[in-house]
Structure formats: C-alpha cells, structure tokens
Amino acid sequence: MFKLVKYFTLLVSACAFSAEALDLPPPVKIGYIEFPPLYDTVNNKAEGILSNITLKVFSDLELDYRELALPTKRVFSSLKNGKVHLWCGIQIESLKKDVWIGRQALHYLSLNIYSTVNDIEINNKKDLRGKKVILLMGYDYGGWGEFIRDGSNQVLFVEVKQHREALKLLQSGRFQYLLNYQAPMQAELEKRPIKSLRKKNISRLPIVFNVSKALPDGAGLLKQLETSLAELIKQNKVTVK
C-alpha cells in the first residue's frame with residue numbers, strides 16, 4: 001500500500017512539473033547583425049560587446065533567449081512582423097512605429113568621416129554637397145546615409161559591401177571621404193593600418209533595446225530589460241562605452 005501511495009505521489013508531482021514546464025515563456029528571439037566587435041558569430045554562436053551585455057541582462061532576469069544572425073533588412077522586417085522580438089541597435093526612423101525604443105544606452109556608436117587626402121572640414125550633412133563619399137551598403141548612419149543617398153542633395157557616392165573594400169577605394173584617391181562607424185573600422189585598421197588616414201567624429205549614437213510591438217507585452221519586456229541594465233551599470237557589472 002505504501003509503495004502504491006508513493007507511486008501516485010510521484011505521478012502527481014511529475015504531472016505538476018510538466019504543467020509548470022508548459023507554462024514557461026518561450027525564449028526571446030534576439031536578431032543581430034554581424035558587426036565586429038559589437039556582434040560576431042564564432043562557431044555558430046554570437047559573441048561581442050553587445051552579446052556579452054545581453055547575456056548579463058537576461059541572466060539577471062532569468063529569462064531564456066536565442067540570438068539569430070540575420071541580414072539587416074531581415075532583422076528590420078522580422079521586428080515588424082514579430083518573428084524577431086528584440087534588436088540591440090540605434091534608433092531607426094523606419095522602425096519607430098513598429099518597436100518600443102529604450103532610453104538606456106548599452107553602448108555608443110561613434111560615426112566618423114575618414115580621409116587620406118584632405119583636411120576634414122565636414123561639420124554637418126550639407127557640407128557634403130558636391131563631395132565624393134564612400135558608404136557601406138545597408139547602413140543608415142543615423143540619417144546621414146539618407147541625406148547622401150537623396151539625389152537632390154548632390155552628393156556623389158558609391159556603396160561597397162566590405163570595410164576592407166571601402167578602405168582600398170579611399171586609398172585610391174578617387175573618393176574624398178569615407179563615412180563609417182568607428183568600431184568595425186578600428187577592427188579593420190588593426191589588421192591593415194593606414195598611416196595617412198585622418199578621421200573626424202560627427203556623431204555619437206546610443207545603442208538601445210528595440211522591442212517589437214508585435215510581441216505581447218513588449219513594452220513590459222522593455223521595462224524589465226532597462227531596469228536590469230540600469231542596475232547592472234550601477235553595480236559596475238556593465239560598463240557603457
């Protein structure tokens with residue numbers, strides 16, 4: 001009789017455990033764009049500055065998550081339809097109506113203008129009129145890219161796929177300026193230094209949590225993420241650079 005009672009006790013406990021397991025929320029799907037040293041994929045796993053911060057925040061909240069490497073356009077379209085729940089990036093004008101945008105910076109993205117042949121006398125977008133500029137495909141550059149790509153602004157530009165390709169084109173002297181973010185440029189320049197390269201910082205853009213509005217209670221998730229991040233920063237467990 002004792003064995004029978006024990007058996008039923010274990011059976012009920014197992015059922016209860018299974019029910020609890022079924023109630024666990026699905027993992028948060030985080031889309032990311034290859035952007036060393038902020039994000040990189042090594043052995044099919046996300047690594048980098050932002051991946052490390054994400055790990056600390058989600059561990060603090062005891063939330064499960066998955067990181068998915070996707071092309072830029074796929075990240076944005078997936079945020080809109082809810083196939084991706086979260087992206088750590090700068091504010092994108094075309095996403096504003098589709099995502100909850102955080103205020104607490106995870107990192108700052110420095111946008112620079114580079115040149116090898118000229119003193120850099122660019123202080124605002126309008127100073128680029130009549131100039132020859134190199135861009136990286138898919139980058140918005142916090143509104144600078146939109147201005148340059150608008151033909152009415154009379155900026156002659158070319159778009160390339162890789163940072164190495166952009167630097168080679170700049171060195172050729174055919175274009176006066178290269179517009180690019182400091183983090184990936186620094187990584188490329190460590191491999192292939194250019195002594196004559198000049199740079200000028202034109203903006204410092206905060207990287208924040210962007211949570212899909214297609215996610216149920218996405219605003220609530222954003223609040224949790226920001227509260228946790230702020231506390232980790234306060235405890236010196238996360239350093240924002």
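Student: Let's start with the contacts between residues at least 6 apart in sequence: what share of them joins residues at least 24 apart?

Tutor: In this predicted model, 71% of those contacts in the chain join residues at least 24 apart.

Student: And what makes two residues count as being in contact?

Tutor: They need heavy atoms within 4.5 Å of each other.

Student: Why is Ser228 called buried?

Tutor: Buried means a relative accessible area under 20%. Ser228 has 3%, so Ser228 is buried.

Student: Where does Ser228 lie, and which residues is Ser228 in contact with, leaving aside neighbours within four places in sequence?

Tutor: Helix α7, residues 218-234, holds Ser228. The contacts of Ser228 beyond those neighbours are Val57, Asp60 and Leu61.

Student: How much of the whole chain counts as buried?

Tutor: The figure is 42% of the 241 residues. The accessible surface of the chain is about 14100 Å², and carbon and sulfur atoms account for 53% of that surface.

Student: What helices and strands does the chain have?

Tutor: You can look for seven helices and eleven strands.

Student: And how far apart are the mean positions of the positive and negative charges?

Tutor: They are 4 Å apart, with 35 positive and 24 negative charges in the chain.

Key. Residues are numbered from 1 along each chain as its sequence is written. This is a predicted model: local features need pLDDT of at least 70, side-chain atom pairs count only at pLDDT 80 or more; totals for chains, interfaces and linings use all residues. Side-chain values use heavy atoms; hydrogens and water are left out. Helices (H or I, at least four residues) and strands (E, at least two) are DSSP runs, numbered from the N terminus. Buried means under 20% relative accessible area, exposed over 50%, partly exposed in between (1.4 Å probe, protein chains only). Accessible areas come from the Shrake-Rupley method with a 1.4 Å probe; for residues, only the protein chains shown count as cover. Lys and Arg count as positive and Asp and Glu as negative; His and the chain ends are not counted. The place of a charge is taken as NZ of Lys, CZ of Arg, CG of Asp or CD of Glu.
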